[in-house]
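Please read the points below alongside the model. They move from pairs of helices to a sheet, then to domains and chains.

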Amino acid sequence: MALLTDGYGTRGGIARYNQDLFDSLAEGGARAFILPRLGDATGLALPPGVEQARPTLGRVHYFVRSILTAWRHGPFDVVFCGHVYMAVLGWTIARLLGARLWLQAHGAEVFEAPDRWTRRAVEAADLVTVVSRATRRALLEWADVAPERVRVLPDTVRDMFVPGPPSEALRTRLDLGPGPILLTVGRLAASERYKGHEQVFAALPALRGEFPGLVHVVAGDGDDRARLEARAAEIAGDRAAVRFIGFVPEEDLPDLYRTADLYVMPSSKEGFGIVYLEAAACGLRVVGGRGGGSADAVGGQTGMLVDPDDSAALAQAIKRLLGEGRGDPRTIEPYRRKHFAVAARRLLARLMAAPRHAKDAA
Amino acid sequence: MCGIAGIFAYLDVAPPVDCGELARISARQAARGPDGSADWVSPDQRVAFAHRRLAIIDLSERGSQPMHSADGVLTITFNGEIYNYRELRAELERKGCTFRTESDTEVLLQLYADRGPAMVGALRGMFAFGLWDARARTLLLARDPLGIKPLYYADDGWTLRFASQAKALLAGGAVSREPDPAGIVGFHLLGSVPEPFTVWRGIRALPAGTTLEVDAVGPDSPARYYQVASSLERRAAEAGDPSGARTRLGTAVRDSVRYHLVADVPVAVFLSAGLDSGALLGTMAELGVRDISALTLSFAEFRGKPNDEAPLAAEVAARYGARHIVRTVDRAEFERDLPAILEAMDLPTIDGINTWFVAKAAREAGIKVALSGLGADECFGGYPSFAELPRAVRLLRPFHFVPGAGRLLRCAMSAAIGLGAGWHPKAAGLFEYGGQWAGAYLLRRAVYMPWELAALLDSDLVEEGMRRLAPVSRIAAELRAGRPLGAFDRVSTLETSLYMRNQLLRDADWAGMAHSVEIRVPYVDPFFLSALPPGDVLEAIDAKAAVADIPRPPLPDPVRGRAKTGFTTPVGQWLRAAAGAAEDVSFSAASRAWLRHVWQAGWTGVALA
């Protein structure tokens, strides 16, 4: 039984992770009943053995439905809880069912210690999966859980992200000129200001002194866009230096990456940073930010990590990597789905081999 | 005996093993194995092992490590000795295995091929090893049942690193030095760091009597294959025959000593004026060992005084025809060695100084292997705790059942101590902790009590550390067995699985290995423990005194008489002076001052040394 924030039929990083996970487990023969907060799977072809209920957003309603589901569709061996915010609910259901509890943490939500009840629920989990080493470290800072039970299962890169020729059509349509092109992809949300857009804007005047055709393409939309546009106009020197191109559907992303020259996102709090990997998979070099889980996605061969607050270092890294040309996309091969799928099935097998409620039995 | 290390980049996304890092880890353990050094990297660079060798069994090059199985599937890096390797080998040969070396290491490889990870249950000895199975792509880490040989590991979620010493993992450069409040609080409470904690958050001790399997998603939970409480419970369940108990005791000791003599180099003995080490020497002589070297530590301060151990030890050595080496240590030497002691000390501890000097003396005398009487007090009931704990629990139990009473009394008594009442600070905890086994044990072994820590350490650190350490429930967990144990076995279990493991054995390892000396402990052996009569019988025959009659001829009478008063060392005085404490304080207060000194001098430098 899976309690998910984002089920099949939704978009975004967490949704994709969940779908990858249940696709992989289903391939291994596992059956799952998904109860999503968001995501309508009506008309979607779900993997064999996977069922998804209608979404239930309201908390109380969701709680009641999860209890009913547990009662009606059980017995279940494992309760998968897709978000730390729902850990208490996950624990309650697992207890009612006498099932093992598998909890998933994505990043930012565990960088600070949660309330006491959530903490206890996390500590009672039989398995906690996290997307990066930094998330694991952060969780172990406040959770008294055996470190062996906290396993890293990194995000995956979809097979559509592979190198290819730059799209001249895109370059013309967006009127990007000769470049070089710096690219940042991500939601422009006031709650996610850690992504470092403004730090890049601030580096542009100096960079454009050296590369007059350089533009910074900002893909994504959100409630912080107007403010960022104003900031760009203020600090980037030239209005033409930053292009806000709005939301880009996933199928168009590979062309966008292939057309750019460098991926730049000096984020300080990324849980993982799947976009770094997608960019690298398309052959881009990557500048990421130190802090959060970015270190797991920006490897030694694909790019560099800089201190987001050190603008000189940021400009220098951009200059250096622009001079190095394309990156080697083979370095992200271990992030492909087949590796993820093997690991996910192995974790499930390990969980099934352990006695139920190991924590109580110990 | 040796130093081992390894790195396993288990997750597909982890970068390949950094051989430079492995070399740095291994170099930090150079003293553990001066006779050879080698490493091995798997062809795909996902696994690498290093080994520093102290050659004791099969001195030839064929015995060197990391060692591979004939088919190349298995690779091992192993620290320790398997005393029953010849029997295991014979058994495997009967099954058709053929051997290429005379080493115990190869027996481990073949035994694993035959039985898988369950093989650890068949091993009689002290060991810590890493074994790579290239076919299953799993790494097995294992540690001996009672925790004689150390094994530490650091898992960052992508890559697992292991080594014989925690400080070696840090020397590699990739492991975080972030302090671990649970280990730090544990050290301040007990004077040694309780496993599985270390003082660094990123490094854990593999618990004694467990194995750890690591596959492509990382380590699974450590799997326990031995527990002292269950073993003593089984022993107690056998029909105890008090009439034959002395014979059984003698047979068990002789059998264990015989096993612990397996070596291709001479085996010496650390001889104090006590019964336990004397019985080891006597038994060795009785078993026909010739030219035994017996090593005794003597202190310049005590020369000519009744508390000098050397004259009595000389009498014992003479009785069994041993070559007696007396090594005299004085305060000046202690002060000279202190920086090296703190450097070699792998985790903070308030003990180990005696072992440091006796191992140093052994090395000077060219001794590579020595038997030690460590562990006898735990199994024969030699500590005062065997009388004190049952008494405390009996008398104070009523307070345990009145909610809040113990705590209230503690606060009142603490206040009285603060106002100058002449009680020991721990006395305040008597009513709160004394009425239950685990609490009484904590009280007995504590250096500082939980409520005193706030004055020594940051309060957030104390709170988090206490929460994760949960000392009383951690102690109580050691007592868990199918049926409740008798009083003697309870104390024996607690002393064996806590004090002996976290303090005595760990100190014997770092202080011995710093001088490349292997310390063997015949009284610390699960086979020996289960061959002994049940605990209540040991108590009835006064086993701690009966040890004197095991060898033929028995120990001389003056040693028996002396044993009752016990021995002192001037180490307490030195520690007191080194820690800058007032001259007239008791030893208990000296150990508190020394604990603070060790912590400040050795661990509170830049981010925990």
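**Note on helix packing, sheet, domains and chain contact**

1. Helices α13(B) and α19(B) cross in the right-handed sense; a crossing is right-handed if the near helix is turned clockwise from the far one by less than a right angle, and left-handed if anticlockwise. Helices (H or I, at least four residues) and strands (E, at least two) are DSSP runs, numbered from the N terminus. The model is predicted: local features need pLDDT of at least 70, side-chain atom pairs count only at pLDDT 80 or more, and totals for chains, interfaces and linings use all residues. Residues are numbered from 1 along each chain as its sequence is written, while chains are lettered from A and ligands numbered from 1 in the order in which they are written.

2. The axes of α13(B) and α19(B), the latter spanning residues 487-513, come within 9 Å and cross at roughly 115°. Axes are lines fitted to C-alpha atoms, for helices over the stretch in contact, and angles run from 0 to 180 degrees between N-to-C directions. S385(B), F386(B), L389(B) and P390(B) of α13(B) meet A487(B), F488(B), V491(B) and E495(B) of α19(B). Two residues are in contact if their C-beta atoms, placed from the backbone, lie within 7 Å. This contact has 6 nonpolar, 1 polar and 1 charged residues; Ala, Val, Leu, Ile, Met, Phe, Trp, Tyr, Cys and Pro count as nonpolar, Asp, Glu, Lys and Arg as charged, and the others, Gly among them, as polar.

3. Helix α13 (residues 385-401) of chain B also packs with α16 (residues 437-445) of chain B, at an angle of about 130° and with the axes 9 Å apart. α13(B) is therefore oblique to α16(B); angles under 35 degrees count as roughly parallel, over 145 as roughly antiparallel, 65 to 115 as roughly perpendicular and the rest as oblique. The crossing of α13(B) and α16(B) is right-handed. On α13(B) the contact involves S385(B), E388(B), L389(B), A392(B) and V393(B), and on α16(B) it involves W437(B), A440(B), Y441(B) and R444(B).

4. In chain A, the axes of α1 (residues 13-27) and α12 (residues 337-353) come within 9 Å and cross at roughly 65°. That makes the two helices, α1(A) and α12(A), roughly perpendicular. Their crossing is right-handed.

5. Chain A has an open sheet of 7 strands in the order β3-β2-β1-β4-β5-β6-β7, with parallel pairing; two strands pair if DSSP finds at least two bridges between them. β3 (50-52) and β7 (150-152) of chain A are at the edges with a single partner strand each, so one side of each has no neighbour in the sheet. Within the sheet, β1 (residues 2-6) and β4 (residues 78-81) of chain A pair over 2 bridges.

6. The domain assignment of chain A gives domain 1 (2-156 + 337-361) and domain 2 (168-333); such bounds come from an automatic or database domain assignment. The domain centres, taken over C-alpha atoms, are 32 Å apart. The contact takes 12 residues from domain 1 and 9 residues from domain 2 of chain A. On the domain 1 side, α5(A) gives the most, with 3 residues.

7. Which elements of chain B each supply at least two residues of the side that touches chain A? In total, 18 residues of chain B are in contact with 19 residues of chain A. The elements in question are β12 (218-219) and α17 (459-469) of chain B. That side of chain B comprises 7 nonpolar, 3 polar and 8 charged residues.
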